[in-house]
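Subject: Structure handover and what was found in it

Dear colleague,

I am handing over the structure we spoke about, and I would be grateful if you opened it beside this message. Please read the notes slowly and look up each residue as it is named.

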Amino acid sequence: MKIAVIGGGASGLVAAGSAKGAEVVIFERTDKLGKKLYITGKGRCNFTNVCDSQTFLSNVVTNASFLRSALSKFSPDDAVRLINENGCKTKIERGRRGFPQSDKASDVIKALRKYAENNNARIELHAEIDQIIPDDNGLIVRHAGGSETFDRVIICTGGMSYPQTGSDGRAYNIIRALGHNIIAPVPSLVGLILKEDISSAQGLTLKNITVRTDGIKPIFGDMMITDNGISGPIILTLSAYAARKQTPYTVYIDFKPAMTTDELDARLVRDFSDRLNKQFKNALDDLLPQAMIKHVVARSGIGAARQVNSVTKSERRALAELIKNFSLNVTGSEGFERAVITSGGVDVRTVNPKTMESRIVKGLYFGGEAIDVDALTGGYNLQIAFATGYVAGTSAAQADD
């Protein structure tokens with residue numbers, strides 16, 4: 001059995017190592033394997049999330065049910081075991097997130113490469129694939145060095161996020177030419193760009209707040225102000241659920257989610273009573289971060305220089321409402337260059353979830369981010385890459401002619 005794996009990232013390396021007994025060739029178009037892995041988790045490589053299946057699937061944003069079978073065959077515990085057995089010690093941190101003990105992504109890549117090479121996989125770098133052609137003898141893979149015929153081909157070419165690592169979407173054309181529908185790729189887990197200029201607060205982290213937008217449940221946690229918008233954990237989560245939401249759309253920040261509007265109003269009464277002769281702009285220090293106060297004051301309709309003792313009950317109530325519903329208008333995202341993951345790819349309706357084989361072309365398999373599946377941050381997306389790669393590799397090697 002001769003198998004080609006197109007793409008030498010996380011999914012491709014696991015696919016190559018899992019195709020036991022087959023003659024495997026990995027075609028990687030860049031100069032090194034696992035390029036995107038080097039930058040995941042800020043270089044620390046959060047490679048899985050050790051949680052139960054139900055919890056895992058609840059963190060999958062797109063086509064969770066498609067992954068049920070793959071995760072049952074290659075679980076997060078299996079991922080930890082694979083990495084450990086191939087020379088990389090691991091640790092589990094807060095939120096059940098798996099990391100290499102060394103905090104070096106390169107150690108995970110070495111382990112995955114060892115796994116593939118233990119199956120005698122041949123690695124071809126700088127090997128860009130131009131075309132895959134089904135014929136009576138299998139699948140012809142054409143590249144700059146010529147062409148080879150394989151019994152099976154596994155496509156693990158990634159999406160379009162961080163295109164400098166090699167996953168720039170070129171492979172979609174090859175996949176389309178084979179008759180597959182590609183769900184339009186869009187950036188996910190990405191910072192959002194705003195219409196409003198709040199860049200004077202750039203670098204500020206807002207902790208324990210809630211963000212929401214129409215059609216998406218409120219998300220609690222931390223966010224950060226950037227030079228042109230907002231980012232941080234809860235914004236990345238919001239961006240995943242809103243990946244296909246038409247822009248512009250409005251997000252609402254609740255700076256004080258632990259309080260009701262009535263409770264916040266009562267808090268304002270207490271704060272103001274201690275600052276009756278101060279200017280309004282100097283009366284919110286105990287309630288909001290300094291860098292955000294001027295933006296809230298500007299929206300409040302209350303003059304920044306007015307004395308606190310002149311603020312009316314209705315103005316104070318409106319201020320409480322503003323702090324609970326501070327609106328910002330999203331005009332776009334930071335794009336694929338900054339997106340952690342791609343939402344979109346090969347339509348899962350054309351892929352058998354139990355084997356990862358194409359329902360259109362016999363002998364063609366898919367793994368990883370090339371498929372239209374994506375999840376939240378926390379190790380889920382790499383686990384998806386491992387699980388789908390494992391199923392593709394084992395299925396391709398075991399398939400009957």
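Predicted model: local features only at pLDDT ≥ 70, side-chain atom pairs only at ≥ 80, totals over all residues.

The protein chain has 401 residues, of which 55% are buried, and its secondary structure comes to 11 helices and 21 strands. Taken along the principal axes, the C-alpha atoms fill a box of roughly 85 × 40 × 35 Å. If you consider contacts between residues at least 6 apart in sequence, you will find that 71% of them join residues at least 24 apart.

As background, strands of a sheet pair through backbone hydrogen bonds, and they may do so either parallel or antiparallel.

To see one of these pairings in detail, look at strand β11 (residues 152-155), which is joined to β20 by three bridges and runs parallel to it; here Val153 has Leu364 of β20 as its bridge partner.

Strand β19 (residues 341-346) is mostly covered, since six of its six residues are buried.

Turning to the helices, which residues of α9 and α10 meet? Val296, Arg299 and Ser300 in α9 are in contact with Leu319, Leu322 and Ile323 in α10, and the residues of this contact divide into four nonpolar, one polar and one charged. The axes of helix α9 (residues 290-300) and helix α10 (residues 313-324) come within 10 Å and cross at roughly 130°, and α9 is therefore oblique to α10. The crossing of α9 with α10 is right-handed.

Helix α7 (residues 233-241) is worth a separate look, because seven of its nine residues are buried and the helix is therefore largely enclosed by the rest of the structure. The buried residues of α7 are Ile234, Ile235, Leu236, Thr237, Leu238, Ser239 and Ala240.

Finally, is Glu148 buried or exposed? Glu148, which has its place in strand β10 (residues 146-150), counts as buried because its relative accessibility is 19% and the cut-off for buried is under 20%. Leaving aside neighbours within four places in sequence, Glu148 is in contact with Lys2, Phe27, Arg122, Leu139, Ile140, Val141 and His143. Glu148 and Ala4 are 144 residues apart in sequence, and their C-alpha atoms are 9.2 Å apart in space.

With kind regards

Technical notes. Residues numbered from 1 in each chain as written. Heavy atoms only, no water. Pairing = 2+ DSSP bridges. Helix = DSSP H or I, 4+ residues; strand = E, 2+ residues; numbered from the N terminus. Axes fitted to C-alpha atoms, helices over the stretch in contact; angles between N-to-C directions. Parallel < 35°, antiparallel > 145°, perpendicular 65-115°, else oblique. Left-handed = near helix turned anticlockwise from the far one by under 90°. Contact = heavy atoms within 4.5 Å. Nonpolar A, V, L, I, M, F, W, Y, C, P; charged D, E, K, R; others polar. Buried < 20%, exposed > 50% of the residue type's maximum accessible area, 1.4 Å probe, protein only.
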